[in-house]
Amino acid sequence: MSSTPPTDRYGSAPRAARPKNWGKWVLTALVVLAGIGIAYIGYLKFAVKDVDGKQVAFDIVDDQTMNIRFTVTRDDPSNAAVCIIRTRSKDGSETGRREVYIAPSDSQTVELIAPVHSSKPPAMGDLYGCSLDVPDYLRAG
């Protein structure tokens with residue numbers, strides 16, 4: 001006599017339960033990948049930069065000129081840098097822009113004052129940004 005019950009009366013033998021953990025593994029992998037992505041974006045946004053510029057002040061000279069005073073800090077002061085400064089009118093539109101060459105120096109932080117000519121009466125000035133990628137036409141001058 002057979003030890004298995006008849007299938008027409010009791011149905012087939014139950015299957016072995018498969019673990020349903022694959023969903024947990026996929027979810028865990030997605031969370032880890034999202035965390036890595038967020039960390040990378042945060043690193044790009046908040047990491048220490050090779051060059052950093054900060055506006056100190058601006059002075060309106062006349063209806064077409066503004067002097068902008070700013071500092072530039074470089075990790076390696078032997079590298080030349082370039083900073084973009086600009087003027088803006090009362091409505092906030094950019095009315096003047098200038099690239100300023102920052103020569104290599106012995107000091108990590110240098111302070112400069114540079115004039116910017118404006119197409120409208122300037123109301124404010126700011127430092128747009130700095131980079132170590134200096135265009136050749138600025139190096140030649």
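Select the aromatic rings: how many aromatic pairs are there? The count is zero, where rings of Phe, Tyr and Trp (its six-membered ring) pair if their centres lie within 6.5 Å, with planes under 30 degrees apart counted as stacked, over 60 as edge-to-face and the rest as tilted. This is a predicted model: local features need pLDDT of at least 70, side-chain atom pairs count only at pLDDT 80 or more, and totals for chains, interfaces and linings use all residues. Residues are numbered from 1 along each chain as its sequence is written, and side-chain values use heavy atoms, leaving out hydrogens and water.

Next, pick Arg97 and Tyr128. The charged end of Arg97 sits over the Tyr128 ring, 4.7 Å from its centre (CZ of Arg or NZ of Lys within 6 Å of the ring centre and within 35 degrees of the ring normal).

Now show salt bridges (a side-chain nitrogen of Lys or Arg within 4 Å of a carboxyl oxygen of Asp or Glu). The structure holds seven. One network links Arg86, Arg88, Glu94, Arg97 and Asp126. Zoom in on Asp126. Arg86 bridges to Asp126 at 2.9 Å between the closest N and O atoms. Arg86 lies in strand S3 and Asp126 in strand S6 (residues 124-131), so this pair ties together parts 40 residues apart in sequence; strands are DSSP runs (E, at least two residues), numbered from the N terminus. Asp126 also meets Arg88 in a salt bridge, 3.3 Å from N to O.

Last stop: select Arg69 and Glu111. Their side chains form a salt bridge (3.4 Å, N to O).

Definitions and conventions:
Helices (H or I, at least four residues) and strands (E, at least two) are DSSP runs, numbered from the N terminus.
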